[in-house]
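Please look at the model before reading on.

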Amino acid sequence: MPRDLMLAIESTCDETAAAIVRLEGGTVSVLSSVVSSQVELHAKYGGVVPNLAAREHVAHIIPVIEETLARAQITKDTIDAIAVTQGPGLIPALLIGVSAAKMLAAIWKKPLLGIHHIEGHIYANFIGKPLDPIHAFPLLALVVSGGHTQLLLMKDHFTYEILGETRDDAAGEAFDKVARILGLPYPGGPAIAKRAENHTRNTDKLPSYVLPRPMIDSPDFDFSFSGLKTAVLYLSKATPDLQKNESFIDAVSHEFQEAVVDVLLAKTGKAIEAYAPKTVIIAGGVSANVRLRERMDSLIADQFPHTRFIMPEFQYSLDNAAMIGSAALFRYAGMTEKGRENSKKSALSIHPDANLAL
Ligand code: KG4
Ligand code: ZN
């Protein structure tokens, strides 16, 4: 049975990551996955500063690659190919990962595959779970990250039809902006989720607020989150001493999270009705949100019992290189010998692309 071993590198935003992944019998397994996060550094600025991110990637990329090879206990000779995130993302950040990958591919004479970051988030769902195309496709993907909010229909590997997307802010971006309004740290998603849970525990004692569910009934699969953020801003302006008002922050965090999840569920449900996919997955950093995971699981179990729901393991929800390797392994498996040879020769022509299309 063929087994392919891939070294994957990811440096889209504020994590420097490398992983060794293997495809065997249709299942991806992770031999090692190393993520060096810069979150604490950027938290001081309330968001990612591109040039600081690049400086950190430069400092960490080689140790992270060495560490992943050491943990997997393999040498370069057993690696079949190298994968790297080509975009979309911050160019100064992407450049570091892409340059490292090109250098290694050229020196070690390995094929190099440029991977789309969102494709990586999608294929994170298939780490450790067999992906049999006959049972998996058509597949509906709800992509919710810091930069993207989309509903995608996949009829086969690597074919993406965009059914709908956000018209303004991405879901993760809305979490980050609302956190900033409420005086919570960056990244906003985990901070808001934690405060929302406080509210759930004390719900009988606390005030509650009502926020809009933008576009929940619109006759399409699009989203809009910027009005929701503005509604939080108005509520906050009307609240004296906001930063000290813990119960206000808990209650608004709770209501905001419910509003986002309500809209994501409504649109996903509508797309399941319209396209009858065999599988539904969630992908991107917001897929780490426990409330979204639980409510999506219940929605599909209750209303669409014949649809399989898959979510990524927590550690592969946020940016990591194992997910990039997972997508690359399926691409590599579909390549001819000639295609693999060509991707050795064309390694140096891979360039980062801030707006890479799927
Ligand atoms: O996929 P990701 O790590 O980076 C991008 O590709 O953008 O996603 C980061 C986003 C951030 O906006 C962050 O606030 C959000 O994912 N996020 C969450 C949670 N954890 C991370 N949002 C909601 N709940 C979470 N638990
Ligand atoms: Zn991401």
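## Conventions

Helices (H or I, at least four residues) and strands (E, at least two) are DSSP runs, numbered from the N terminus. This is a predicted model, in which local features need pLDDT of at least 70, side-chain atom pairs count only at pLDDT 80 or more, and totals for chains, interfaces and linings use all residues. Residues are numbered from 1 along each chain as its sequence is written, chains are lettered from A and ligands numbered from 1 in the order in which they are written, and side-chain values use heavy atoms, with hydrogens and water left out.

## The shell around ligand 1

There are 19 residues around ligand 1. A residue counts as near if one of its heavy atoms lies within 4 Å of the molecule. H121, G146, D176, G285 and N289 come nearest. By class, the shell has six nonpolar, eleven polar and two charged residues. Here Ala, Val, Leu, Ile, Met, Phe, Trp, Tyr, Cys and Pro count as nonpolar, Asp, Glu, Lys and Arg as charged, and the others, Gly among them, as polar.

Three helices each supply at least two shell residues: helix 4 (117–123), helix 6 (171–181) and helix 7 (188–201). Both domain 1 (3–124 + 316–349) and domain 2 (136–311) contribute to the shell, so ligand 1 lies between them. The domain bounds come from an automatic or database domain assignment.

## Polar contacts and burial

A polar contact is a pair of N or O atoms within 3.5 Å; within protein, one must be able to donate a hydrogen and the other to accept it, and residues adjacent in sequence count only if both atoms are side-chain atoms. The side chain of H121 places an N or O atom 2.9 Å from an oxygen atom of ligand 1. For N289, a polar side-chain atom is 2.9 Å from a nitrogen atom of the ligand. D319 has a polar side-chain atom 3.2 Å from a ligand oxygen atom. Taken alone, ligand 1 exposes 550 Å², and the protein buries 88% of that. Accessible areas come from the Shrake-Rupley method with a 1.4 Å probe; for residues, only the protein chains shown count as cover.

## Sheet 3-2-1-4-5

Five strands form this open sheet, with mixed pairing, in the order 3-2-1-4-5. Two strands pair if DSSP finds at least two bridges between them. Strand 3 (27–37) and strand 5 (112–116) are the edges; each has a single partner strand, so one side of each is left without a neighbour in the sheet. Neighbouring strands are turned by 25 degrees against each other on average, direction ignored. Axes are lines fitted to C-alpha atoms, for helices over the stretch in contact, and angles run from 0 to 180 degrees between N-to-C directions.

Strand 2 (residues 15–24) pairs with strand 3 in the antiparallel sense over ten bridges. E24 stands opposite T27 in strand 3.

## Sheet 8-7-6-9-10

This open sheet also has mixed pairing, with five strands in the order 8-7-6-9-10. Strand 8 (161–165) and strand 10 (308–310) are its edge strands, each pairing on one side only. The twist averages 20 degrees from one strand to the next.

Strands 6 and 9 pair in the parallel sense over five bridges. L142 has I282 in strand 9 as its bridge partner.

## Backbone details in loops

The peptide bond from F137 to P138 is cis, with omega near 0 degrees. P138 lies in the loop between helix 5 (133–136) and strand 6 (139–144). A cis bond also joins Y186 and P187, with omega about -5 degrees. P187 sits in the loop between helix 6 and helix 7.

M215 is not a glycine, yet its phi is positive, about 60 degrees. M215 is in the loop between helix 7 and helix 8 (226–237). A276, also not a glycine, has a positive phi near 40 degrees. A276 lies in the loop between helix 9 (246–275) and strand 9 (279–283).
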